[in-house]
Amino acid sequence: MYERGLAYKKLSYVNWCPSCNTVLANEQVEGGLCWRCSSVVQHKELEQWFFKITAYADELLSSIDKLTGWPERVLTMQKNWIGKSVGVEVDFTVEGTGEKLTIFTTRPDTLFGVTFMSIAPEHPMLESLIKGKKEAGDVRAFVQRVLREDKAARTDEKQEKEGIFTGAYAINPLNGEKAPVWVGNFVLMEYGTGAIMSVPAHDQRDFEFAGKYGLPIRVVIQDPEKGLVADSMQQAYVEDGILANSGTFNDLPNGAAKEKIADYVEEKKIGKRTKNWRLRDWGISRQRYWGTPIPIIYCDACGTVPVPDSQLPVRLPMDVEFTGKGQSPLKESTSFRETTCPSCGGAARRETDTMDTFVDSSWYFLRYCSPKEDRAPFDKKAAGYWMSVDQYIGGIEHAVLHLLYARFFTKVIRDLGLFDGDEPFQNLLTQGMVIKDGAKMSKSKGNVVDPDFILTKYGADTARLFSLFAAPPERDLEWSDQGVDGAYRFLHRVWAIVYRHSRDVLDVKPAGAEARGDRLYRKTHLTIKKVTEDIEREFHFNTAISALMEMVNEMYDYTAGGVSTDRQRTVLRSAIDALTLLISPFAPHFAEELWASMGHPAHIANEPWPRHDPEAIIASEVTIIVQVNGKVRSKLTLPAGTSDKDAEAAALADPKVKEFTRGNPPKKVIVVQGKLVNVVV
RNA sequence: GCGAGAGUGGCGGAACUGGCAGACGCGCUGGUCUUAGAAGCCAGUGGGUGACCGUGGGGGUUCAAGUCCCCCCUCUCGCACCA
């Protein structure tokens, strides 16, 4: 990546967590707080390593359409995060110095409405703008104050917009007007060019700013409904309209004007069309010990030299002390730091920062395809065979972290020729979290439910069964101690019914086709079908388990009068076998035990999944709902396959129907085959 | 503000293509067993108890709506000074 320019080092303002004592990527700052420890993140100017994820912004966005197996929510979050916007860069000339002040705008149609300019406090041209101006001192004090504020406060929406005039003017290349250049605390250096043109008539922020500092407002987009007058405007007009006060572009609809003015800007070489991204490059330097060393060596003679392949991987040193004093121990380790330059052989120093651990998780899935490969990160053929991941499961909290980084890495690795695929994960399921009394259970927040206690008291099978039963996987799971009891009780019920009849069925062969028509045999096959479908359909284990519960209830009912006939014994035997197999994914230890005690010599884990007999689930009789005017009035039990005509006749003959139609002739009769008859009167 | 998702008994949740709303479990009630309890087992359990009313609210389509359409409310999550 280094050789391709996708890994680079630069000095910039970065997110610094004072509690973790490390730099964080933008994705790892949530609402101005550290994603791990919730400390307020500070702004700090440091030289750090970055991955150029922005080089892939376009593809990361456009190939979102290929992710058909991902939840909409995650796709939206990624789209928002990447944040594409299309616009124009325009060069304004600074009066006096002749320097170019480049701004980015998505609204070239409002270029004639510029009444002032705003730049970020960090803007590199600031010093030259204020040089020799009487405002210089005040501007510096203002900038110092703004830069001291932490990131959370600065990007807070409620933060009051503040600014100060630099004393400099920039010339609008379209109309030659002078616009005063201000510094604004709301202008972000990281986005666009760090400088903006301000059009108070058509931008709410600029409108407020102009109002506060008494800057002029000029309408250049006229509301076609009612004429706008600058002096009486209560807010910026941001709707579409017709151009005014815009020289030769007057009277154009603003949509067309956007294109015409952009064309003009490009023709006159005073700017160009461009795209901007909210996405920033991924800062990967971490001042931590635990992380992969950045394989770079600094040599006084040769400069920055990547560690050659033959010397990879760079391993973390063992002779370090963890002082907890807030500096990476690698900095202190001379055995690690001091090395020789791979290029000239002279004395050199290793980079002592490590990589963000998200780097590792960005390609582990490729490594998993050939974990024993020792000459390369992974084997291309193996990766080609196994990838992409058919079904990926993870928490929603990784929507713009791991899931975005992994997509980026996959594309980079593809472009390096190591792998032939565009996307790592075909289908994504974002599972919910465990909630107990409103508190979330997570790796970083701790266990709200004590697993040791659950395991000791009930065992892992009960815990798993409850977790899967209580809610579908994509939803948060409300933990309930009583619910766990219920799962425990269910396993006992299964155990009890099997043991109660084990002597009756132990040496009996399971029932086959000859048992079709038996109600438990039918239930068994219905359950096989249902459980199989529920697992395959979005992993709805909760309904699969409820089907197993129904089947067990049926077994209790079936055996209530004793098990005496051969038919009952064979059917019960097949029911027990099927039940054990079906429950095995949810309660594997339990199922294994039961399977062995029913005389099966092999492990249940190696048994094939049962298949339902389609003939066995056909019912001989069906219950038909009889409605009068759409309301259920009666039920009929009819032989399966009864014709619509016969069903209609049976319904009309029903005494309840006669009662509710009061002898009126039916206007219309709707028959849904095998389900329902609705008599409309 | 923008975007996504959700709203169903006392609770967790079912109802896949419009066709018995509330499967299954929890809880609760009663019975059985017991000296008594616990556990187990059995039965009942949306509200009124009249023929009615019930899936956040209001309209609509349809023989039929939790499900489809329109409007509104509430909640959760994400984004949000991005020029």
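In strand β26, I435 finds its bridge partner in E478. This contact belongs to a predicted model, in which local features need pLDDT of at least 70 and side-chain atom pairs count only at pLDDT 80 or more, while totals for chains, interfaces and linings use all residues. Residues are numbered from 1 along each chain as its sequence is written, and chains are lettered from A and ligands numbered from 1 in the order in which they are written.

Back at that bridge, strand β24 (residues 434-436) and β26 pair in the parallel sense over 2 bridges. Strands here, like helices, are DSSP runs numbered from the N terminus (helices: H or I, at least four residues; strands: E, at least two), and two strands pair if DSSP finds at least two bridges between them. The open sheet around β24 has 3 strands, ordered β25-β24-β26, with mixed pairing. Its edges are β25 (439-441) and β26 (477-478), each with a single partner strand, so one side of each has no neighbour in the sheet.

Another open sheet has 4 strands, lined up as β18-β17-β20-β19 with antiparallel pairing. At its edges sit β18 (303-306) and β19 (338-340), each pairing on one side only. From one strand to the next, the twist averages 40 degrees (axes are lines fitted to C-alpha atoms, and angles run from 0 to 180 degrees between N-to-C directions). Strand β17 (residues 296-299) is joined to β18 by 4 bridges and runs antiparallel to it; there, C299 has G303 of β18 as its bridge partner.

Strand β8 (residues 116-119) pairs with two strands. With strand β11 (residues 195-198) the sense is antiparallel, over 4 bridges, and S118 stands opposite I196. With strand β10 (residues 178-184) the sense is parallel, over 3 bridges, and M117 has V181 as its bridge partner. F116 and S118 point one way from β8 and M117 and I119 the other, and all are buried (20 or more other C-beta atoms, placed from the backbone, within 10 Å of a residue's own; 12 or fewer is exposed, and in between is partly exposed).

M117, I119 and V181 turn up again in the largest nonpolar core, among the residues with the most contacts inside it, alongside I103 and A170. That core has 45 residues; a nonpolar core is a set of buried Ala, Val, Leu, Ile, Met, Phe, Trp, Tyr and Cys residues joined through C-beta atoms within 7 Å. Leaving out residues up to four places away in sequence, V181 touches M117, I119, L129, T166, A168, Y169 and A170 (contact: C-beta atoms, placed from the backbone, within 7 Å). A second, separate core has 43 residues, including I284, F358, F378 and F419.

Cis peptide bonds join L312 to P313, with omega about -5 degrees, and M387 to S388, with omega about -5 degrees. P313 is in the loop between β18 and α8 (334-337). Although not a glycine, N629 has a positive phi of about 50 degrees; this residue is in the loop between β27 and β28 (631-639).

Terms used: Contact = placed C-beta atoms within 7 Å.
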